Amino acid sequence: LWVLLDDMKETLEEAQGDSSAAPEASSQPQGEEADESGLTGELKISAALRSSALDHWADRFMEEHPGVKVSVEYTVDNPENLIQTTGPNTAIDWYQVYVERIAVDLASGEAADIVDLDLTPIYRFAASGLLEDLYQWMDNDPQFDKDEYYTNLFQAVETREGELPFLPFAFTFSPIYLNQIMISKMGVDVEEEYPDGLGWRDLVDLFQKALETGVADEKTMFAKNQNKRVLDGYELTDFISLNTLEASFDSPEWTEYLEAADQLPFERLSRQSVGTSYNVTNYGVRDYFFSSVPVLFSHLNYWSPIFAVPNSTMPLQYRTEKGNYVFDTIGCYAIPAGGDNVELAWEFLKFLVEHKDYEEEMSKTSTEGQENPLPSDYSKLYGSSIPVNRNALEELCQLMFGKSGPTVFERADEMIWELNVLSFSDANLGDSLAEIQSEFYDSHLITAEECAQQMQERAEIYLKE
């Protein structure tokens, strides 16, 4: 596939002409059904999993622009059916099917007008010149104000050339929660001692102290329902950069991390699926030491104070070894370069992330008579995540929490501005690396040093393909 991408790159550049010319603001031809904006045409979107939010905003876009037809094609129409089986004992993960199809479509020029690149090798696509630089469209559109957005998230997903290959629709991040009963017995004020967050060394040191002081015992799990890769979602970002296509697993720091994780108590093997770690109200007070909870916007209406979890400390940012703060994107929408419908695609992406009249939106999706001002199905707006538009978050906090809304927004806003690294999001490479880790964590067929070296070799091969 990647040979095909390289072969198509030259053809694509010829079709684009002078790529240095900045794109102009949208100017669609007038049609009989065109609204006053002049937008007409058919827009095709490709995504892996069905999204009620994407469906909702596609419908709303067509309402505002009756001259436009938006159609969305999903690889998995029903997200509950995530695995297809072909033959006995053979499973093909849905995202592998999607990644292969998107790679071929992009290389052949047959991709949809907008493609969701979540879990795909985004930066390899970008390096092959197959994606529009959305910064150019932002900068040349007088209606798009970057100051309304969490621009730190845009910066975190840039390519090594400083381009913006996709637009994150929404996001989430996962703070750390410690067992409050254990922490209190240890006499540790974690908010005071770790004002900038804490990393894996801090967690290991605190856990050892809990064991030494007797507040934890041999039955206490480091994290409930998890395995030795529980912190990989954070730490991998220090040792592999998908943005720059570089890896450094063959470093003493990664080996040290592997050895430390291997000594911690977990219930599950590294290749076993894990459960949620935040339903701690069902756990005994000595069952677990820490949990990691995704901050989902739809949860804020019953978390009080903001992000609080029963029996746990207030949330603390996880700080990687290199001092980074990790986030996940929900919806990585890109525009294939050189397409025939690029202008209309940009208008839709801009509409997707811009601030809306949320009282009007809620009136369309809320259950009549419901006291909570949030819609009964928040997923129709932003899934279960946080909008990348800062003004949108502020208004939604006010509508949800009333008088306490400004406090909720202020606390969330402070944590969000610290986020600066996109979580490791290449599913195929992630699975490949996990297989190597399993040889060390689960069976100890290799040493930590050998594990690190094999991960480095696997990553280099993949990133250079």
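In helix α12, V342, L344, A345, W346, E347, F348, L349, K350, F351, L352 and V353 are buried. The model shown here is predicted. Helix α12 covers residues 342–353. Most of α12 is covered, with 11 of its 12 residues buried.

**Salt bridges**

How many salt bridges does the count come to? The count is 15. One of them pairs D141 with K350, with the closest N and O atoms 2.8 Å apart. D141 sits in the loop between α5 (134–139) and α6 (151–156), while K350 belongs to helix α12, so this pair ties together parts that are 209 residues apart in sequence. D141 is buried, at a relative accessible area of 4%. K350 has 5% relative accessibility and therefore counts as buried.

K350 also meets E347 in a salt bridge, at 3.3 Å from N to O. Why are E347 and K350 separated by about one helical turn? The reason is their spacing: they are three residues apart in helix α12. Both E347 and K350 are buried.

Another salt bridge joins the side chains of D413 and R390, at 2.8 Å from N to O. D413 lies in helix α16 (residues 405–416) and R390 in helix α15 (residues 390–401), so the pair links parts that are 23 residues apart in sequence. Is D413 buried or exposed? D413 is buried, because its relative accessible area is 9%, under the 20% cut-off. R390 is partly exposed, because its 24% lies between the 20% and 50% cut-offs.

**Two parallel strands**

Now to the strands. Strand β1 (residues 41–49) and strand β2 (residues 68–76) run parallel, joined by eight bridges. Which residue in β2 stands opposite A47? That residue is Y74. Between β1 and β2 the chain passes through helix α2 (residues 52–64), and this β-α-β crossover is right-handed. In a regular strand, side chains alternate between the two faces of the sheet.

**Cysteines and a polar contact**

The structure has zero disulfides. A disulfide is a covalent bond between the sulfur atoms of two cysteines. C332 counts as buried at 2% relative accessibility. C451 counts as buried too, at 0%.

Where is N324 found? N324 is in the loop between β10 (290–292) and β11 (326–334). Its relative accessible area is 17%, so N324 is buried. The side chain of N324 makes a polar contact with the side chain of N420, at 3.0 Å.

**Accessibility at a glance**

The table gathers the residues discussed above.

| Residue | Relative accessible area and class |
|---|---|
| C451 | C451: 0%, buried |
| C332 | C332: 2%, buried |
| D141 | D141: 4%, buried |
| K350 | K350: 5%, buried |
| D413 | D413: 9%, buried |
| N324 | N324: 17%, buried |
| R390 | R390: 24%, partly exposed |

Terms used
Residues are numbered from 1 along each chain as its sequence is written. This is a predicted model: local features need pLDDT of at least 70, side-chain atom pairs count only at pLDDT 80 or more; totals for chains, interfaces and linings use all residues. Side-chain values use heavy atoms; hydrogens and water are left out. Two strands pair if DSSP finds at least two bridges between them. Helices (H or I, at least four residues) and strands (E, at least two) are DSSP runs, numbered from the N terminus. A crossover is right-handed if, with the strands pointing away from the viewer, the path from the first strand over the helix to the second runs clockwise. The expected span of a helix is 1.5 Å times one less than its number of residues. Buried means under 20% relative accessible area, exposed over 50%, partly exposed in between (1.4 Å probe, protein chains only). A disulfide is a pair of cysteine sulfur atoms within 2.5 Å. A salt bridge is a side-chain nitrogen of Lys or Arg within 4 Å of a carboxyl oxygen of Asp or Glu. A polar contact is a pair of N or O atoms within 3.5 Å; within protein, one must be able to donate a hydrogen and the other to accept it, and residues adjacent in sequence count only if both atoms are side-chain atoms.
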